[in-house]
Amino acid sequence: MLVSFSNTIEGKTIESYHSTLSSETIIGVNIIRESLNSLTDVMGGHCTAYEVKMKETQQLTLDGVKQLARNIGANALIDVDVSTSPIYDGMFMCVATGTAVTYK
């Protein structure tokens, strides 16, 4: 599945536009526990364990929207956006959106 963060696929022709799709993932992160488990990661303003968990969640969410696109016969997603927002005490929501297309 080709993924483009722009609204075109360079050098390819988009034959059909299927639908705008989205996938969501909600995770809980106990930042204090993870920080204590890897105190050295927190030095310099970075919490590597936290960053890894967020990257994994973003990839999981992107995989979800790619699967939705495959399910409707698309072979690419264009105009993709992935964003993460806090929603509640230690809870985060990650949303991936994109337009499912078929290109040649």
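User: Leaving aside its neighbours within four places in sequence, which residues is valine 80 in contact with?

Analyst: In this predicted model, valine 80 touches Val3, Ser4, Phe5, Leu62, Thr97 and Gly98. Contact here means heavy atoms within 4.5 Å. Valine 80 itself lies in strand 3.

User: Why is valine 80 called buried?

Analyst: Its relative accessible area is 5%. Buried means under 20%. The value 5% falls under that cut-off, so valine 80 is buried.

User: Why is isoleucine 87 called partly exposed?

Analyst: Isoleucine 87 has a relative accessible area of 42%. Buried needs under 20%, and exposed needs over 50%. The value 42% lies in between, so isoleucine 87 is partly exposed. Isoleucine 87 is in strand 3, residues 76-88.

User: What makes up the nonpolar patch on the surface?

Analyst: Ile26, Ile87 and Tyr88 form it. Together they have about 350 Å² of accessible area.

User: How do you know that strand 3 and strand 4 pair?

Analyst: Pairing needs at least two bridges. Strand 3 and strand 4 (residues 91-103) are joined by 10 bridges, so they pair. The two strands run antiparallel. Aspartate 81 has threonine 97, in strand 4, as its bridge partner.

User: What is the strand order in the sheet?

Analyst: The open sheet has 4 strands in the order 1-3-4-2, with mixed pairing.

User: Why do strand 1 and strand 2 stand at the edges?

Analyst: Strand 1 (2-3) and strand 2 (14-28) each have a single partner strand, so one side of each lacks a neighbour in the sheet.

User: Which helix packs on the sheet?

Analyst: Helix 3 (residues 48-71) does, touching strand 1, strand 2, strand 3 and strand 4.

Conventions: Residues numbered from 1 in each chain as written. Predicted model: local features only at pLDDT ≥ 70, side-chain atom pairs only at ≥ 80, totals over all residues. Heavy atoms only, no water. Patch = residues over 30% accessible without salt bridge, like charges linked within 9 Å, V, L, I, M, F, W, Y side chains within 5 Å. Areas by Shrake-Rupley, 256 points an atom, 1.4 Å probe, with all protein chains shown as cover. Salt bridge = Lys/Arg side-chain N within 4 Å of Asp/Glu carboxyl O. Buried < 20%, exposed > 50% of the residue type's maximum accessible area, 1.4 Å probe, protein only. Axes fitted to C-alpha atoms, helices over the stretch in contact; angles between N-to-C directions.
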